[in-house]
Amino acid sequence: MTNFLVKRPWTGRIGALLGIMVMALSLRTAVSVVPPLLGELKGELGFDAASTGLLAMMPPLMFAIFGLLTPILIRRFGLEKALVAAVVLAVLGQLARAATDQVWPFLGFTAVVMAGYGIGNVVLPPLVKKYFPDRVGVVTAGYVTLLSVGTAISPQLAVPVAGLSNWRVSIGMWASVSLMVLLPWIIQFVRDRKERAGTPDGASGPAAHLTPAGSGTGHAPRLRPWRSPVAWGLAIFLAGNSAQTYVYFTWLPPYLSGQGLDAATAGTALAYFAILGLPVSLLVPLWVPRMKNPIVAISLFALCWATGHLGLYLSPLDGTWLWVTFSGLGQGTFATALLMVNLRSRTTHGSSVLSGFSQGLGYAGAGIAPLFFGTIHDATGSWSASFAMLGVCMAVMMTGAVMINAKRYIEDSAAEPVESAKTSVT
């Protein structure tokens, strides 16, 4: 590393840093703004039980599909163009669904929004790897924290903004946050182009000197993630973790209300659960990279999850806030999953493939958990089997944690030599 980079480590990368942070802030706003407005949407658009269930399944379903497709887009067009595609889809989808008058177009445009966010989910870790390989922990801490901020703030503003205007403004205004993502990236692209023009070898400034060799996608060996235990481990880990999170976001308020808690307090409990993602999002990327065995931290967060699950099942009204606190702190497993994308890859290309594979399969597995949680309760008339299902999700998560604990990389087992890749194409 040059003295210039030691003294001024952020110089030449401010646009990328701001772009990553604003992108993270925007990724969940359009997801979490809708549930508080469902009562109004049912009356005006005609949502019923089936369409509401489909709306709830839309984020994990589209995240899964585009998690698997995005590495192909990145390999063909590059990270930055994939980012622009994500922003365009998110902005157009949000504006269009805010203008619609029927439930099925609303669902269709929601799918477009989630497609954009699905691409955004995947491109963020490799963007960190590309522009900040020397600051992975710090930048990851920042963007995961803003991801949590976006998740928590949009539902809090949804009803007040709708009261001052209408639900269309409340839903559509978040398109402006998505659109803001482009401004810092335009600044970064212009700077990179100027630096490339002034550098004989075509390198793009300070970030280029820090990026590992072979990190680009143009000449990188093709990676087959299904051959990698690390990729499967991270996918399994993310599936078990996200299943628990989606169950809480879908079922915590109705479950607590059914136990006798008033609806407003039950809704506040969910907001509190979401906000607890903030401190652990800051802690994990600064703490876990220093550990020889990340499974120690994961086990601590798993213990928090288990305590919260058991407390809410055995004593939902006595100690409610304590149990929600434990479960909320358990969300450190999600921050760990995002961090491990870069800790278990050597290159930007490896990070993009690992991110897409793990999030694609992980969200696919997690998306059905809220459905099972409710249908199991309806079939048995009790919450016992539903909470037992959360125990199964924890076991799945810890299985993945064991697989990603050892310091090994996706490139070690998933790489197909360039020669053989060319032969297979011809």
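These notes walk through a predicted model, point by point.

1. **Overall make-up.** The protein has 23 helices and 2 strands. It has 426 residues, and 54% of them count as buried. The accessible surface comes to about 17600 Å². Carbon and sulfur atoms account for 69% of that surface.

2. **Contacts along the chain.** Take the contacts between residues at least 6 apart in sequence. Of these, 83% join residues at least 24 apart. V190 sits in helix α11, residues 182-197. Its relative accessibility is 41%, so V190 counts as partly exposed.

3. The whole structure holds 19 aromatic pairs. How are the rings of Y272 and W321 arranged? Their centres are 5.7 Å apart and their planes meet at 70°, so the pair is edge-to-face. The cut-off for that label is an angle over 60 degrees. This pair links distant parts of the chain: Y272 is in helix α14 (residues 263-275) and W321 is in helix α17 (residues 320-329), 49 residues apart. Y272 is partly exposed at 28% relative accessible area. W321 is also partly exposed, at 38%.

4. **A second aromatic pair.** F373 and F387 are edge-to-face as well, with 5.6 Å between centres and 70° between planes. F373 belongs to helix α20 (residues 369-380) and F387 to helix α21 (residues 384-405), so the pair ties together parts 14 residues apart in sequence. Buried or exposed? F373 is buried, with a relative accessible area of 2%. F387 is buried too, at 11%. Both rings belong to one aromatic cluster, formed by W251, Y255, Y313, F373, W383 and F387.

5. **Helix α20 up close.** This helix has 12 residues. From first C-alpha to last, α20 reaches 16 Å, close to the 16 Å expected. Which residues of α20 are buried? They are A369, P370, F373 and G374. Seen down the axis, these buried residues of α20 fall within an arc of 135°, so they line one face of the helix. The face turned away from the buried side carries the exposed residues D378 and A379. The cover over the buried residues includes α13 (229-258), α19 (348-367) and α21. Just after α20, G381 takes a positive phi of about 75°.

6. A search of the whole structure finds 6 salt bridges. One of them joins E80 and K130, with the closest N and O atoms 2.8 Å apart. E80 lies in helix α6 (residues 79-99) and K130 in helix α7 (residues 103-131), so the bridge ties together parts 50 residues apart in sequence. E80 is buried, at 16% relative accessible area. K130 is partly exposed, at 28%. D101 and R168 form another salt bridge, with their closest N and O atoms 2.6 Å apart. D101 is in the loop between α6 and α7, while R168 is in helix α9 (residues 167-172), 67 residues apart. D101 counts as exposed, at 53% relative accessibility.

7. **A salt-bridge network.** D134 also bridges to R135, with the closest N and O atoms 3.3 Å apart. Salt bridges that share partners join R13, D134 and R135 into one network. D134 is partly exposed, at 22% relative accessibility. R135 is partly exposed as well, at 23%.

Technical notes. Residues numbered from 1 in each chain as written. Predicted model: local features only at pLDDT ≥ 70, side-chain atom pairs only at ≥ 80, totals over all residues. Heavy atoms only, no water. Helix = DSSP H or I, 4+ residues; strand = E, 2+ residues; numbered from the N terminus. Buried < 20%, exposed > 50% of the residue type's maximum accessible area, 1.4 Å probe, protein only. Contact = heavy atoms within 4.5 Å. Areas by Shrake-Rupley, 256 points an atom, 1.4 Å probe, with all protein chains shown as cover. Phe/Tyr/Trp six-rings, centres within 6.5 Å; stacked < 30°, edge-to-face > 60°. Expected span 1.5 Å × (residues − 1). Arc of directions from axis to C-beta. Salt bridge = Lys/Arg side-chain N within 4 Å of Asp/Glu carboxyl O.
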